[in-house]
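User: I'd like to learn how to read a helix and its surroundings in a model. Can you walk me through one?

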Amino acid sequence: MGHQRITIDPARMGGLPCIRDTRLTVTAVLGQLAAGRSVEEVLDDYPYLEPADVLAALEYAALAVQERELPITPSAA
């Protein structure tokens, strides 16, 4: 679904994945959501975004994490 909305261009933003050929990186969108901002707030901050762009960023992140084994530090009991 979202792969058409995520672009990677080595000449833009150092090759980081961006939303639809903009200079807005996937990590910027994810960082906003991780900080507790709602999708609606993110859309207000970036009026050129569409709800499908935010979902595409989440889908991209889910697929990227699926490709790697991430170390998880056990919490102290």
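Analyst: Contact here means heavy atoms within 4.5 Å, and helices (H or I, at least four residues) and strands (E, at least two) are DSSP runs, numbered from the N terminus. This is a predicted model, where local features need pLDDT of at least 70, side-chain atom pairs count only at pLDDT 80 or more, and totals for chains, interfaces and linings use all residues. Residues are numbered from 1 along each chain as its sequence is written, and side-chain values use heavy atoms, leaving out hydrogens and water.

User: What do the buried residues of α3 pack against?

Analyst: They pack against β1 (6-7), β2 (18-19), α1 (26-34) and α2 (39-45).

User: Which residues of α3 are buried?

Analyst: Buried means under 20% relative accessible area, exposed over 50%, partly exposed in between (1.4 Å probe, protein chains only). In α3, the buried ones are D53, V54, A56 and A57. Seen down the helix axis, they fall within an arc of 160° (taken from the directions from the axis to the C-beta atoms), so they line one face of α3. On the other side, P51 and Q66 are exposed.

User: Why would a helix have a face like that?

Analyst: An α-helix has 3.6 residues a turn, so residues three or four places apart point the same way.

User: What is D53 in contact with?

Analyst: Leaving aside neighbours within four places in sequence, D53 touches R5, I19, R20 and Y48. D53 is buried, at a relative accessible area of 0%. A polar atom of its side chain lies 2.8 Å from the backbone nitrogen of E50.

Conventions: A polar contact is a pair of N or O atoms within 3.5 Å; within protein, one must be able to donate a hydrogen and the other to accept it, and residues adjacent in sequence count only if both atoms are side-chain atoms.
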